[in-house]
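Subject: Structure handover

Hello,

Here is the structure I promised to pass on. Please open it alongside this email, and read my notes as you go.

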Amino acid sequence: MDVEVFVTAGLGDTSYLVVSGDEALVVDPQRDAWRFQRAAEARGARIRAVLETHVHNDYVSGAHEIRAATGAQIVAPAKGGYEFPHRGVDEGDELALGDLRLVAMATPGHTYEHTSWLAHEGDATEPAAVFTGGSLLVGSAGRPDLLGAEHTDELTRAQYESIRRLAALPDTVRVLPTHGAGSFCVAAMPTTERTSTIAVEQRQNPLITAADFAEFSAELRSELMSYPHYYRHMAPINRRGAPVLGGLPDLPTLSPETLADQLGGGARDGVWVIDGRDRDAFAAAHIPGSVNVELNSGFAGYVGWMLPFDAPLVLVLPDPPDASAREAVTQLIRIGWSRLVGYLSGGIEAWTATGRAVRSYPTGTVAQLCAAMADAEPLHVLDVRQELEWGWGTIPGSLTRFVADLPGHLDDLPYDRPTWVICSNGHRAAIAASLLNRAGVPVRLVGAGSVAEWRQRCGPTAGQPVAMG
């Protein structure tokens, strides 16, 4: 069985191209599905089917892109509520591909309709691999709470039964999950490995080694983190079927004059400026009202977390702009963003060359924060990590607000002294600092450093930050 693994780092997900002879299928593809098509063509194979393990909550499926390009059949759980033509499957249904036989295995828990796929080679009675989607993961399992608190208990029980069924497969079966490290669809923290075997999971996965349901439930639900706000829009799009793009959309260039016209009254008119440059460059000079989301692998996730879904976007991009535009658009279409106005031609330098205003704010290091606190300077510290991370330790006296919750809590912040913003590596702090600056809150970004570094470097001898109020 020829399996090519595609890791989409920003989503923390893995898709699979399965080839047997001159036939191929794809398991859980993202919307930029032309990469799977190119890989199949390079092997001299035609994609005959797309297998969906469940209705995805974290990205827009690429099934329709593949069907439009190849005529492939979409094969998905019969209980998924899909509104487009597809082959609905349930426990025991089979699909032939070359000399492979794939058998559906109902594994509810991450979602109600969740279906894994057992892959048999030739006439083998035992499977060679299982595509587990969001059920059994490497060192973890799919979280049971994405459909709402009212479903969590029932799905936890279902996930327990599904994991037990999967763990009973032969030791040699390869475990090929969709969700993995970096995905907010996981429950207990997974390993960084993307694939595994049943034997390895039986030894190392705490959800399999749990003594009983109570221990399983506690492990499954003990490390659940917040997940992006855009998630609630994904399942409806995937049930309807996303419009076919046929390729990566072009992102127009905008002159400073055109951008100024587009902005009008800024975000009040619905247009947001997202600046993907690094945190120091943004702090030094940026378009007033813009938000700094660095263009790394998590770019779209935080855009979808921080902004109203599918709000019109104008981008300010790092060099080289053409490559950055392709990366930004690729990530954004994966989460269903369609209103991409364009990007600033010539970057911030072109903006300032026309005499238009920019804003800035200072940055600081952990050492400088320690010194300021030791000197009893009037300041405030804002920790924008997640709740789970606060349990690992905080800076005494700091305000803890997760970055995605900040827009609703700006009134909690002081306007009479600087707010130093910090997180675990500077990425979320940079987003938060840009939001505070946009709101007129005096801010200083700790862009290089972390709460953990503060606790190691400063500890109780550094003094206490001035509390709010």
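Start with Thr-53. Its relative accessibility is 0%, so Thr-53 counts as buried. The cut-off for that label is under 20%. Bear in mind that this is a predicted model.

Thr-53 sits in the loop that runs from strand S4 (46–51) to helix H2 (63–70). Its side chain makes a polar contact of 2.8 Å with the side chain of His-54. Leaving out residues up to four places away in sequence, Thr-53 touches a list of residues that includes Val-27, Asp-28 and Pro-77. Glu-113, His-114, Thr-115 and Trp-117 are also among them.

Asp-28

Asp-28 lies in the loop between strand S3 (23–27) and helix H1 (34–42). Its phi is positive, about 50°, although Asp-28 is not a glycine. Is Asp-28 buried or exposed? It counts as buried, because its relative accessibility is 0%.

Thr-107 is in the loop between strand S8 (100–106) and strand S9 (115–121). With a relative accessible area of 0%, Thr-107 is buried. Which side chain does a further polar contact of 2.9 Å join to that of Thr-107? It is the side chain of Ser-116. Setting aside neighbours within four places in sequence, Thr-107 is in contact with His-114, Thr-115, Ser-116, Ser-135, Ser-162 and Leu-166.

Backbone points to check

The peptide bond from Asp-319 to Pro-320 is cis. Omega there is near -10°. Pro-320 belongs to the loop between strand S18 (313–316) and helix H11 (321–334).

Asp-310 is in the loop between helix H10 (299–306) and S18. Its phi is near 60°, a positive value in a residue other than glycine. Asp-310 counts as buried, because its relative accessibility is 15%.

Arg-232

Arg-232 is in helix H7 (residues 231–240). Is Arg-232 buried or exposed? Its relative accessibility is 60%, so Arg-232 counts as exposed. A polar atom of its side chain lies 3.3 Å from the backbone oxygen of His-229. Arg-232 and Asp-58 are 174 residues apart along the chain. Their C-alpha atoms are separated by 8.5 Å.

Ala-45

Ala-45 is in the loop between H1 and S4. Its relative accessible area is 9%, so Ala-45 is buried. Leaving out residues up to four places away in sequence, Ala-45 touches Val-19, Gly-21, Asp-22, Glu-23, Ala-24 and Ala-40. How far apart in space are Ala-45 and Ile-431? They are 44 Å apart, C-alpha to C-alpha, and 386 residues apart in sequence.

The whole protein

Now the overall picture. The protein has 16 helices and 24 strands. Its radius of gyration is 24 Å. The globule rule gives 23 Å for 469 residues, which is close, so the protein is as compact as a globular protein of that length. The C-alpha trace spans about 75 × 55 × 35 Å along its principal axes.

Of the 469 residues, 57% are buried. Among contacts with a separation of 6 or more, 70% are between residues 24 or more positions apart. The accessible surface comes to about 18000 Å². Carbon and sulfur atoms account for 49% of that surface.

On charges, the protein has 37 positive and 56 negative. How far apart are their mean positions? The answer is 3 Å.

Where to look

Then go to the cis peptide bond from Asp-319 to Pro-320. After that, turn to the positive phi of Asp-310.

Best wishes

Definitions and conventions. Residues numbered from 1 in each chain as written. Predicted model: local features only at pLDDT ≥ 70, side-chain atom pairs only at ≥ 80, totals over all residues. Heavy atoms only, no water. Helix = DSSP H or I, 4+ residues; strand = E, 2+ residues; numbered from the N terminus. Rg over C-alpha atoms; globule rule 2.2 N^0.38 Å. Buried < 20%, exposed > 50% of the residue type's maximum accessible area, 1.4 Å probe, protein only. Contact = heavy atoms within 4.5 Å. Areas by Shrake-Rupley, 256 points an atom, 1.4 Å probe, with all protein chains shown as cover. Lys, Arg positive; Asp, Glu negative; His and termini not counted. Charge placed at Lys NZ, Arg CZ, Asp CG, Glu CD. Polar contact = N/O pair within 3.5 Å; in protein donor to acceptor, adjacent residues only side chain to side chain.
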